[in-house]
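Please read the following briefing alongside the sequence and the coordinates.

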Amino acid sequence: MTVGLFIPCYVDQFYPNAAIATLELLEKLGVQVVYPLKQTCCGQPMANSGYEHLTHESNELFVKNFKEFDYIVAPSGSCVLHIKDHLHSDKYPAEANAIRGKIYELIEFLTDVLKVDKLKARFPHKVGLHQSCHGQRGLRLAQMTELVARDFSKPEQLLSMVDGLELIELTRKDECCGFGGTFCVAEEAVSVKMGKDRVADHLQHEAEYITAADMSCLMHMEGILRRQKSNVKVMHIAEILNAQEI
Amino acid sequence: MSSREQILASVAKNQPIPVALPEIPIFSSEKSDLVEKFTTVAVGIGSKVFRVNSLKEAKQILLKEHKASKRIISTFPQFSDVAEVSIVPSTDPHTMEDVDLAILEAHLGVAENSALWVTEELLPMRVTPFICQHLALVVSPKAILPLMHHAYEQIGMKDYGFGVFIAGPSKTADIEQSLVLGAHGPRTLTIFLLEEQ
Amino acid sequence: MSELKDHAALAENFNADELRVNWHDETLWFIRQKRDRSAHAIPDWELLRETASQIKHNVLSNLSEYLEQFEANAKANGVIVHWAVDAREHNQIVHGILKKHGVKEMVKSKSMLTEECHLNDYLAENGIEVIDSDLGERIVQLAKEPPSHIVLPSIHKKKEEVGELFHKHLGTAPGVSDPQVLTETARQHLREKFLTRRAALTGVNFAIAETGEFVVCTNEGNADMGAHLADVHIASMGIEKLIPQRKHLGVFLRLLARSATGQPITTYSSHFKKPRKGHEMHLVLVDNGRSIHLGREDFRNSLKCIRCGACMNTCPVYRRSGGHSYHNAVAGPIGAILAPNFDMKKAADLPFASTLCGSCSNVCPVKIDIHNQLYKWRQVIVQEGYADSKKTLGMKAMTQTFASPATFRLAGKAGRWFMRNVPLAVSNKLNPWYKQREMPVPPKESFGEWYRKNRK
């Protein structure tokens with residue numbers, strides 16, 4: 001099985017540790033991983049801003065980069081959801097279609113494809129899990145509080161395998177953090193207020209780390225935490241699942 | 001082209017390909033005692049519920065609860081000693097303005113939400129259950145059905161000029177979500193579950 | 001409220017008072033929680049939603065037939081049926097009925113449609129006074145404001161502010177803010193109106209094609225107090241409010257109040273079928289853009305809406321920006337997908353007032369894919385040329401960089417490309433990201449650079 005590793009542009013640029021952890025984690029689980037060097041962006045920033053019609057070139061590029069793999073895995077629910085919902089290609093329609101069916105967000109790849117039931121990881125800290133909306137409501141990584149349906153949480157399932165980790169409860173289990181792509185600057189006031197409220201929920205429950213399957217939410221919350229001069233850190237879930245702290 | 005024709009033509013042009021009407025599935029209802037469920041829900045939304053064996057018993061309770069009531073009206077002849085029981089439908093509804101207590105009958109009740117179904121034929125006039133300060137409704141415990149679907153099954157295609165489901169006293173929470181009973185309609189609702197003799 | 005300000009600017013004003021935002025957010029979240037408890041008490045809630053959604057799909061796909069069926073049955077019941085192509089015609093019809101009866105004062109129960117049509121203003125210009133009888137609507141009417149929520153019109157008002165309004169207009173003692181006392185004051189004030197007004201207008205929650213009756217749901221009893229005391233009852237409804245059969249009310253009435261406020265049902269679900277003897281009952285069927293909306297394949301599902309307001313209560317943006325920031329009769333997520341149909345230019349900002357978190361679609365009792373429609377409206381608004389030209393230029397630049405791996409790579413020693421090209425990037429006051437958030441710290445190398453060193 002060969003997995004094409006898709007690293008979202010802003011993770012590549014700002015959060016290489018999340019990407020490295022994803023790669024190492026997959027390798028440790030015996031997966032052959034290739035990172036196509038010519039990748040850039042999935043096109044989501046344009047599409048969510050109403051410019052989906054400008055994403056043809058990044059779509060074609062995405063297809064060229066990833067069509068050959070058995071699976072494509074990315075440490076971002078949001079980017080994966082975008083590809084699943086919106087990747088189209090006039091040049092390679094069949095390949096684009098195939099990619100939409102074989103792209104996975106990291107968590108669901110671990111739980112659903114690799115069926116991971118134990119991890120060699122240790123992270124002895126109090127951790128708050130932020131349910132990023134696109135992963136949760138879009139990819140159904142966890143049950144949503146709005147629905148009357150069986151409870152489950154793929155990220156919690158994995159975090160429970162991490163030695164020493166204490167998962168904190170939140171008052172609002174799955175409220176949006178307010179990042180929202182260009183929303184974070186176009187609607188700055190509401191975006192920041194949402195972020196502050198989300199962060200406060202984690203702080204109130206004494207989280208030492210806030211984690212999520214999407215770095216974008218964490219980048220937003222980190223910006224707020226650091227402005228508040230808080231010691232609480234954000235960390236991508238891949239880094240925790242790959243952690244070997246003593 | 002009249003507005004009617006214009007709207008209908010525009011709708012007909014733009015409506016999607018016809019999709020069949022779904023069957024209403026059989027929804028699950030609690031196995032628990034219907035009267036008990038009805039009572040719990042009714043009390044939860046501010047109604048008072050009494051199980052009584054006779055209208056006389058209901059009368060005693062009401063007279064105790066609503067001592068101050070000056071004008072009482074009812075559709076039950078059994079209340080004729082304390083209430084006006086023969087109001088003709090042609091009466092001006094505005095004359096109901098000073099009714100303190102109305103004692104009326106309901107066709108059926110719904111356990112899931114404690115709503116009681118009343119139609120015009122059970123009312124002295126339409127405004128009665130709304131304009132009175134306090135309302136009492138009498139229903140048979142055998143007429144308590146589990147869900148709204150069962151209620152509409154029972155109602156079927158029956159004709160009426162006006163019908164209403166009443167669940168609890170009139171209420172509002174429009175000021176800071178603080179619940180206040182007695183918005184424009186009755187301040188209290190008393191429900192009598194009258195065992196049939 | 002300035003027409004020129006968009007949602008972001010109005011929301012920023014709203015956020016100037018953070019404690020108030022907290023209060024607004026908590027109040028609405030409380031309702032969302034009540035909705036959750038209520039929904040979770042119904043084991044087949046999701047099946048109920050699905051059934052409602054399918055019934056509404058059937059309605060939309062046979063709407064012209066149902067409208068004719070409804071009209072025929074309503075007429076047979078003695079109801080006078082009118083058709084209004086747009087808001088203006090609706091207002092004229094209502095005015096005509098009132099004029100015919102020499103009515104100068106009318107009570108009105110909640111009707112978002114009349115808000116949409118600006119009926120009160122129209123009638124006021126024609127010398128007719130309208131008293132809104134729903135407590136929340138009366139409060140905003142006294143404050144000379146539009147409702148900020150379709151179910152809870154004065155949810156943005158604190159009780160002290162209501163107290164001040166009542167002191168000024170209804171003569172309560174200064175400083176009174178107890179909701180119990182204020183509600184009692186409104187009860188007495190409005191009772192006098194109910195008893196003296198000869199015409200009453202109500203909205204319509206559901207109209208039944210099979211029987212020609214219509215259902216109005218209230219908790220206060222104001223629709224009934226108005227309609228049963230007045231000589232003339234006028235009911236205004238959008239053409240999408242139809243449902244096929246009476247038994248379908250079983251589905252919708254189970255969903256409506258639970259979704260709206262968490263109540264198992266509203267206090268009153270009044271079924272109006274025939275006028276009182278010797279009195280008139282009018283029904284105005286209003287299109288006002290709905291039939292055009294029906295033709296928009298991607299957006300027609302929004303006509304399934306039963307106006308419960310659940311999407312507003314759950315929306316993290318609505319809760320923190322307030323209903324007035326949507327500058328539209330219907331606020332929140334549902335308002336943001338309905339408004340562009342009526343006026344795309346004026347509503348161009350609304351589909352962007354969302355993070356696309358998707359919570360709205362999950363609470364919607366008729367399963368409207370609200371967040372997907374928000375996404376789709378964004379595409380339409382940009383394509384139709386209603387986007388800011390600066391934004392378009394920025395997006396084009398971004399697209400070019402992403403389309404070329406070489407440019408992307410060149411762009412970055414880690415972080416540098418972002419710092420230059422993404423609008424959130426510069427650490428100064430002009431950068432909206434930096435205003436209240438720190439910038440991410442650029443690492444010493446990007447993942448791409450690390451990978452080349454460590455894996456290839």
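Over residues 127–221 of chain A the chain is 42% helix and 11% strand, with its end C-alpha atoms 14 Å apart; helices (H or I, at least four residues) and strands (E, at least two) are DSSP runs, numbered from the N terminus. This is a predicted model, in which local features need pLDDT of at least 70 and side-chain atom pairs count only at pLDDT 80 or more, while totals for chains, interfaces and linings use all residues. Residues are numbered from 1 along each chain as its sequence is written, and chains are lettered from A and ligands numbered from 1 in the order in which they are written.

**Annotated domain**
- An unreviewed UniProt entry carries the annotation "domain: Cysteine-rich" for residues 3–84 and 127–221 of chain A; such annotations may be inferred rather than shown by experiment.
- In residues 3–84 of chain A, 52% is helix and 12% is strand, and the end C-alpha atoms lie 17 Å apart.

- An open sheet of 8 strands, with mixed pairing, runs in the order E7(B)-E4(B)-E5(B)-E8(B)-E9(C)-E6(C)-E5(C)-E8(C), where two strands pair if DSSP finds at least two bridges between them.
- Its edge strands, each pairing on one side only, are E7 (144–145) of chain B and E8 (242–243) of chain C.
- Strand E8 (residues 162–166) of chain B pairs in the antiparallel sense with strand E9 (residues 268–272) of chain C over 5 bridges; in E9(C), Tyr268(C) is the bridge partner of Ile166(B), and His271(C) is that of Gly163(B).

**Contacts between chains**
- The contact between chains B and C takes 59 residues from chain B and 74 residues from chain C, two residues being in contact if their C-beta atoms, placed from the backbone, lie within 7 Å.
- On the side of chain B that touches chain C, H1(B) gives the most, with 9 residues, and the residues divide into 33 nonpolar, 19 polar and 7 charged.
- In these classes Ala, Val, Leu, Ile, Met, Phe, Trp, Tyr, Cys and Pro count as nonpolar, Asp, Glu, Lys and Arg as charged, and the others, Gly among them, as polar.
- The contact between chains C and A takes 63 residues from chain C and 59 residues from chain A; the chain C side divides into 37 nonpolar, 16 polar and 10 charged.
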